[in-house]
Amino acid sequence: MDWKELIFSGLLELYALGDATAEQCIMIEEVMAVHNEVRIELNEIELALENYALGHSIEPDPIAKPFLLATLDYMDRMKAGEAFSVAPELQATARAEDYRQWLEREDMVMPVEIDNIYAKIISHSPSLLSAIVWIKEMAPQEVHDHEFEKFLILEGSCDIYVENDVFPLLPGDYFAIPLHKKHHVMVTSNIPCKVILQRVAA
């Protein structure tokens with residue numbers, strides 16, 4: 001293919017996106033080796049695609065990454081032979097002692113450094129997710145329409161904001177988030193707030 005035809009063919013865009021076939025890639029690279037104009041055009045296409053991606057980027061949910069990593073960790077533990085167990089559902093009478101079998105495990109600890117939130121899933125079923133969670137500074141605003149979120153504070157302290165109300169929580173305190181209510185968490189202690197967190201299907 002003539003280098004000028006190649007520039008207007010749309011194949012360079014496919015190449016930049018990784019969608020060109022193996023044969024097309026070979027042909028494009030052979031033409032680029034001879035005609036620097038094609039390499040210049042490809043560089044401009046890549047720059048335009050990068051600028052488009054940056055201009056249309058979406059800030060990821062800061063909760064998504066720690067819970068994705070926690071899920072992968074949990075799956076790896078299950079594959080390695082960890083016995084399946086179900087943590088008791090949090091109630092107003094819940095105590096840290098109820099979760100001792102997980103809290104005393106050597107692998108259920110916070111790393112020396114965390115970004116803001118770190119989680120270790122302790123049990124999971126279709127209706128109940130239980131995790132130990134460390135919150136360094138805050139947990140951003142969210143709303144749950146199909147699951148109740150429950151907390152038991154283990155260490156540190158925090159304020160949970162639900163709509164216009166503020167609920168200060170200390171170690172031993174239990175709190176359940178109502179459905180359909182905006183809420184977020186602000187840590188008030190000098191250490192990360194360590195909690196048992198549960199999401200229970202509504």
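His-180 is exposed, with a relative accessible area of 51% (exposed is over 50%, buried under 20%, partly exposed in between; 1.4 Å probe, protein chains only). The structure is a predicted model, in which local features need pLDDT of at least 70 and side-chain atom pairs count only at pLDDT 80 or more, while totals for chains, interfaces and linings use all residues. Residues are numbered from 1 along each chain as its sequence is written, and side-chain values use heavy atoms, with hydrogens and water left out.

Back to the backbone. His-180 sits in the loop between β7 (174–177) and β8 (183–187), and its phi is near 65°, a positive value in a residue other than glycine. Strands here are DSSP runs of E, at least two residues long, and helices are runs of H or I of at least four, both numbered from the N terminus. Most residues other than glycine have a negative phi. Glu-163 also has a positive phi, of about 55°; this residue lies in the loop between β5 (158–162) and β6 (165–169) and is partly exposed, at 40% relative accessible area.

Then there is the inside. A nonpolar core is a set of buried Ala, Val, Leu, Ile, Met, Phe, Trp, Tyr and Cys residues joined through side-chain atoms within 4.5 Å. The largest one has 25 residues, with Phe-67, Val-133 and Ile-160 making the most contacts inside it. Elements giving this core two or more residues include α5 (64–79), β1 (117–125) and β9 (193–201), but the largest share, 4 residues, comes from β2. Apart from this core lies another, of 13 residues, among them Ile-114 and Trp-134.
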